[in-house]
Amino acid sequence: MNGNGPGTRSIRDFAPALALVGLLLLPFLFLGLFHQTPHSPVHDREAAVEQVLPLPAVPDLPATGEDTVILSQLAADDAQARNAAVGFAAAGPGKATPFSFRGSSADRARARDCLALAGMAEAGGGDGDQRAVMQVILNRVRHPAFAKTVCGVVFEGSQRPTGCQFSFTCDGSLARRYSDAAWRAARARADEMLAGAIDATVGNATHFHANYVYPWWSDKLDKVAQVGPHIFFRWRGFWGTRNALSARYGGGEPDPLRLQETALTVATANPLPTLMQGGEAVRSITTELVNQTTEAGDATPSSPGAGIHFVLVSSSDSPAALVDKARALCGSEGYCRVQGWSDASNIPAKLPLTEEARRSVRFSFVSASANAAEAIFFDCRTFPAPDVGTCLPTRP
């Protein structure tokens, strides 16, 4: 007998029932294949991999521009001695990461010009000096504590009366003019840095100041390099590491002309600190120009020295105290001149002094040298009968 005889049942007879069972089991089969329960080992491993540990808080240091105009806590000589006594951190500056530019051609042009401007304003015309400053700016662009664009970093805080990150954006120096040759050289360096060139000397540094000042935050950071007169620092701990420079640049550069206009408006509406209040020059002209003839009739300084400093003074200032401050500002090395004006708008942007600047100067100090004693002069209309120095000749 075969399997289809009347005494047996064919599998075909059970087909409807089997189909029904299959339909009922199908959803469970899919669940088993594509779903892991929340407590399954696979899920737990994936969760562990994806978990991101919370980052430490950014230290309360000069980062957000609330109070970063550099005011020295020490006189110039004392500041230089204190800075020299601090050793470089054993960890070094760290390995700089090439900057990865992503943006439009307009973003590129704006970023280049802001980077070039900061290089010239902060570091003069030296190649290494400019590149070091540019590296700091590009480090800041990628650091969570700062703005996310190049121009944003350069002008950060300049919209506030005392909050600028780079002093040239809030002390009136934006009115300074640079030669075409200086612009070409600075832009070429900026283009190279935006294309991935690095300055290994300063590495991951995010802060710097001149060696003749000692701001409140200097000993709270790691000193990692010195380029020319500038000392470079990076944060201690995680925020000073290469991994902290993790913010991705995406373009969106603001218009630098509008940033400059805002900065100049704020600077005009909020007079700069006087020499007595801040202990610093409003503007200093050092290595780049001091080696040239300073102005008609003046001898060329023998060395860069402490440079030439323009300051803001007031009729309420004590003449003797102004002289003491000028001496501290100059220190003891090289040619140094301090000149003061009572109106910030009269402070010149460059040498030689214009005739208008000469007419409006209220205080003039030249430090002692091997060939001459100190020279101290006051405008006696502003400082009647000063107890030190001599009256400036009256100019028509």
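## A first disulfide

Cys-114 and Cys-151 are joined by a disulfide (a pair of cysteine sulfur atoms within 2.5 Å), with their sulfur atoms 2.1 Å apart. The pair ties together distant parts of the chain: Cys-114 sits in helix α4 (residues 105-123) and Cys-151 in helix α6 (residues 150-154), 37 residues apart. Helices here are DSSP runs (H or I, at least four residues) and strands are too (E, at least two), numbered from the N terminus.

Buried or exposed, what is Cys-114? Cys-114 counts as buried because its relative accessibility is 1%, and Cys-151 counts as buried at 0%. (Buried means under 20% relative accessible area, exposed over 50%, partly exposed in between, with a 1.4 Å probe and protein chains only.)

## About the model

This is a predicted model, where local features need pLDDT of at least 70, side-chain atom pairs count only at pLDDT 80 or more, and totals for chains, interfaces and linings use all residues. Residues are numbered from 1 along each chain as its sequence is written, and side-chain values use heavy atoms, with hydrogens and water left out.

## The other link

How many disulfides does a search of the whole structure find? It finds two. Cys-380 and Cys-391 make up another disulfide, S to S 1.8 Å, and this link is left-handed, with -95 degrees about the S-S bond.

Cys-380 is partly exposed, with a relative accessible area of 21%. Cys-391 also counts as partly exposed, at 41% relative accessibility.
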